[in-house]
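Reader: I'm new to reading protein models. Could you walk me through this one with a few questions and answers?

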Amino acid sequence: MSAALSRVAPSERNAVTTLTRATLINRLPALHSASAVLARYGLVVVIAWIGALKFTEYEANGIAPLVSESPLMSWVYDIFSVTTFSTLLGILELGAALLIAVKPWWPAPSMAGSAIAIGLFTATLSFLFTTPGVFEASAGGFPVLSSTGQFLIKDVALLGIAAWTLSDAIRSSRA
């Protein structure tokens, strides 16, 4: 408790607390709206940025070890080169970002974008279990994450946001 508030009589302190709560409750719809915009378009920026990077040699080579070690995905390199697969993945990611972004006007296509994002993040999270060196051996291994593990674990939050954008688009399509 602040020094200024501690000098206020308990009954007045309760009134201030009640007033503060009432103010926050009155502002809750605006906070909810702002949070929804930030979550949706923050996700759009992240997916689009990562998708755009997939067109670079640097990113194509960066994801190659993750893909090649995955029993679920390593087969793609039997069909596509590293750069071709990365380019196709970039197209998919840019498409998902665009579809998520159009929710205010077209919620049904936005549902598809969110579903694609959920699939992308689920696939990325599977690398936590298939990529060697995800846990830092020099620090005793699990639960200490290496830089690769830290790179991958953030997708738990992105997966949650993508699931929220899907439910939000479904809700809007019913309205």
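Reader: Where does Glu93 sit, and is it buried or exposed?
Author: Keep in mind that this is a predicted model. Glu93 belongs to helix α5, which covers residues 82-101. Its relative accessibility is 9%, and the cut-off for buried is under 20%, so Glu93 is buried.

Reader: Which residues does Glu93 touch, leaving aside its neighbours within four places in sequence?
Author: For this one, we skip the neighbours within four places in sequence. That leaves Ile47, Ile50, Gly51, Lys54 and Leu120.

Reader: How many aromatic pairs are there, and what is the angle between the planes of Tyr77 and Phe85?
Author: The structure has 2 aromatic pairs. In the pair of Tyr77 and Phe85, the ring centres are 5.9 Å apart. Planes over 60 degrees apart count as edge-to-face, and this pair gets that label with an angle of 90°.

Reader: What is the distance of Lys154 from the ring centre of Phe151?
Author: Lys154 lies over the face of the Phe151 ring. Its distance from the ring centre is 4.3 Å.

Definitions and conventions: Residues numbered from 1 in each chain as written. Predicted model: local features only at pLDDT ≥ 70, side-chain atom pairs only at ≥ 80, totals over all residues. Heavy atoms only, no water. Helix = DSSP H or I, 4+ residues; strand = E, 2+ residues; numbered from the N terminus. Buried < 20%, exposed > 50% of the residue type's maximum accessible area, 1.4 Å probe, protein only. Contact = heavy atoms within 4.5 Å. Phe/Tyr/Trp six-rings, centres within 6.5 Å; stacked < 30°, edge-to-face > 60°. Lys NZ or Arg CZ within 6 Å of the ring centre and 35° of its normal.
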